[in-house]
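The following dialogue treats the reading of side-chain features in a structural model. Please consult the sequence and coordinates shown here.

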Amino acid sequence: MSHTMPHKKVGLLVAGVTAVAGLAGCGGATSSTSTAPPAVSSSEPAPSAPAEGPTAVRTVKLEVLGEGRAVQPIMYVGDFNGTETGGMTLPWSKTVTLELTPAEQKVGKLVSVVAGGVQTTDGQITEGSCRISVDGRKVVAAKGLCEYKVK
């Protein structure tokens, strides 16, 4: 006596068997006839990374200009991220030395300073002015935010 299954059940059964068969080859079990890559002799030198070239050193000065004091934190990104708490006497500056890899020399490394609000000597609060200099040359001056890609 033969039993027949409806088409939907046969389709699901075939799909399930196919999925299980596909997973069997995903590394769950190993076979003694598997072909592993040949072992590398320890006497062979390890491949070395290609030489990248010389680094470039840049001196970057981040500044918040004016007279008075900062009423908001001064935030900056140079050789690392930093924050100076509010109340800093102006003018304020931070000088960092960056060593740029050859890749950074091509695409640039972002440095920035956020001046925030400053209280002038007459008590008024205004947006702070900032400036970035690289190797003694002014590259950016603005209000509020200064950013530059050092190459």
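The dialogue below takes up the disulfide, the aromatic pairs, the nonpolar core and the salt bridges in turn.

Q: What kind of model is this, and how are its residues numbered?

A: This is a predicted model, in which local features need pLDDT of at least 70 and side-chain atom pairs count only at pLDDT 80 or more, while totals for chains, interfaces and linings use all residues. Residues are numbered from 1 along each chain as its sequence is written, and side-chain values use heavy atoms, with hydrogens and water left out.

Q: How many disulfides does the structure hold?

A: A disulfide is a covalent bond between the sulfur atoms of two cysteines. The criterion here is a pair of cysteine sulfur atoms within 2.5 Å. The structure holds 1 disulfide, formed by Cys-130 and Cys-146 with their sulfur atoms 2.2 Å apart. The pair links distant parts of the chain, 16 residues apart: Cys-130 belongs to strand β8 (residues 129–134) and Cys-146 to strand β10 (residues 145–150). Strands (E, at least two residues) and helices (H or I, at least four) are DSSP runs, numbered from the N terminus.

Q: Which handedness does the disulfide of Cys-130 and Cys-146 have, and is Cys-130 buried or exposed?

A: The torsion about the S-S bond of Cys-130 and Cys-146 is about 95°, and the disulfide is therefore right-handed. Accessibility is classed by relative accessible area: buried means under 20%, exposed over 50%, and partly exposed in between (1.4 Å probe, protein chains only). Cys-130 is buried at 0% relative accessibility, and Cys-146 is buried with a relative accessible area of 0%.

Q: How many aromatic pairs are there?

A: A pair of aromatic rings is described by the distance of the centres and the angle of the planes. Rings of Phe, Tyr and Trp (its six-membered ring) pair if their centres lie within 6.5 Å; planes under 30 degrees apart count as stacked, over 60 as edge-to-face and the rest as tilted. The structure holds 2 aromatic pairs. Tyr-76 and Phe-80 are edge-to-face, at 6.2 Å centre to centre and 65° between the planes. The pair of Tyr-76 and Trp-92 is tilted, because the ring centres are 5.8 Å apart and the planes stand at 40°. Tyr-76 lies in strand β2 (residues 74–77) and Trp-92 in strand β4 (residues 89–100), so this pair ties together parts that are 16 residues apart in sequence.

Q: Which residues have the most contacts inside the largest nonpolar core?

A: A nonpolar core is a set of buried Ala, Val, Leu, Ile, Met, Phe, Trp, Tyr and Cys residues joined through side-chain atoms within 4.5 Å. The largest one has 22 residues, and Val-60, Val-64, Val-113 and Ile-132 have the most contacts inside it. The elements giving two or more residues to this core are β1 (56–70), β2, β4, β5 (109–114), β8 and β10.

Q: Which residues do the salt bridges join into one network?

A: Side chains of opposite charge can pair when their charged atoms come close. A salt bridge requires a side-chain nitrogen of Lys or Arg within 4 Å of a carboxyl oxygen of Asp or Glu. A search of the whole structure finds 2 salt bridges. Lys-61 meets Glu-63 at 3.9 Å, N to O, and Arg-131 meets Glu-63 at 2.8 Å, N to O. The latter pair links Arg-131 in strand β8 with Glu-63 in strand β1, 68 residues apart. Through shared partners, Lys-61, Glu-63 and Arg-131 form one network. Glu-63 is buried at 8% relative accessibility, while Lys-61 is partly exposed at 33% and Arg-131 is partly exposed at 26%.
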